[in-house]
Amino acid sequence: MQREIKYWYLRNYDLFSNLTKEQINDLSGISKFVRMKKGHTIYFASDQVKRVYFLINGKIKISEMDQSGNEMIKDILLTGDLFGEISFNMLTLSHEYAEILSSEVILCTFTMDEFEELMQKHPMLCLNFTKKIGDKLRKLEHRHANLVFKDVKERLKDFLKMWAINEGKDTPEGVLIKNYLTHNEIASLISSSRQTVTTIINELKEEGALSYSRSQIVIPNIAVLS
């Protein structure tokens, strides 16, 4: 990828948007950009050289396999997020991997050694990165609090509400979400079972809280999920 295109992607990425032209040029010279298609898997936890990945565009699913070989979905990442073998044990486990959910993604990646050197050189980058990690920790704490204090129905309602806020589009019928997750995947994200999620979704449909199909979800009044 040409350096000018790298610069444009980095300039428009939230984490780097307040850096100077010289600082972004510095990042452009070191960064590696890759395009990947839907279904491609990145086994970043097993990389010999640890890397950090910045999601420039697209959607990614972070998962791991349990001892029985079952997939456990840890998170869904959207444009502007990051992942990889970050030096925070609570953020990544040794068997995690990333799977592309959208038709294509664009990733910017650095080795951890490269990125740590850049943060030492550019304090504003270090501050931005620290804030981003703080956001990820707060998201993780929110999920843990839901597990402790909320039942499955309330966790599902909270998940649907956040999904609508992050990806929904306003329509005359309500907030429309493009549905790309199965009941089993939603169950994994809220620590439940597919059967329970299916039952609760049917309950919410009967209550008029949403309409649900394989392709889309419409929530007439998002406040009902609060």
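Begin by selecting Lys-61, Glu-71, Glu-99 and Glu-185, which are joined in a network of salt bridges. Bear in mind throughout that the model is a predicted one, and that a search of the whole structure finds 16 salt bridges.

Next, select Glu-104 and Arg-35, which form a salt bridge whose closest N and O atoms are 3.2 Å apart. Because Glu-104 belongs to strand S8 (residues 104-111) and Arg-35 to strand S1 (residues 32-37), this pair ties together parts that lie 69 residues apart in sequence. Glu-104 is partly exposed, with a relative accessible area of 26%, and Arg-35 is also partly exposed, at 49%.

Move on to Lys-74 and Glu-64, whose side chains meet in a salt bridge of 3.3 Å, N to O. Lys-74 sits in strand S5 (residues 71-77) and Glu-64 in strand S4 (residues 60-65), ten residues apart. Here Lys-74 is partly exposed, with a relative accessible area of 28%, whereas Glu-64, at 7%, counts as buried.

Now select Lys-136 and Asp-81, a salt bridge with its closest N and O atoms 3.4 Å apart. Lys-136 lies in helix H4 and Asp-81 in the loop between S5 and strand S6 (82-84), so the pair connects parts 55 residues apart in sequence; both Lys-136 and Asp-81 are buried.

Finally, show helix H3 (residues 112-121) together with helix H4 (residues 123-149), which pack at an angle of about 120° with their axes 5 Å apart. On the H3 side, select Phe-115, Leu-118, Met-119 and Lys-121, which meet Pro-123, Leu-125, Cys-126 and Phe-129 in H4; the residues of this contact comprise seven nonpolar, no polar and one charged.

Note on methods. Residues numbered from 1 in each chain as written. Predicted model: local features only at pLDDT ≥ 70, side-chain atom pairs only at ≥ 80, totals over all residues. Heavy atoms only, no water. Axes fitted to C-alpha atoms, helices over the stretch in contact; angles between N-to-C directions. Helix = DSSP H or I, 4+ residues; strand = E, 2+ residues; numbered from the N terminus. Contact = heavy atoms within 4.5 Å. Nonpolar A, V, L, I, M, F, W, Y, C, P; charged D, E, K, R; others polar. Salt bridge = Lys/Arg side-chain N within 4 Å of Asp/Glu carboxyl O. Buried < 20%, exposed > 50% of the residue type's maximum accessible area, 1.4 Å probe, protein only.
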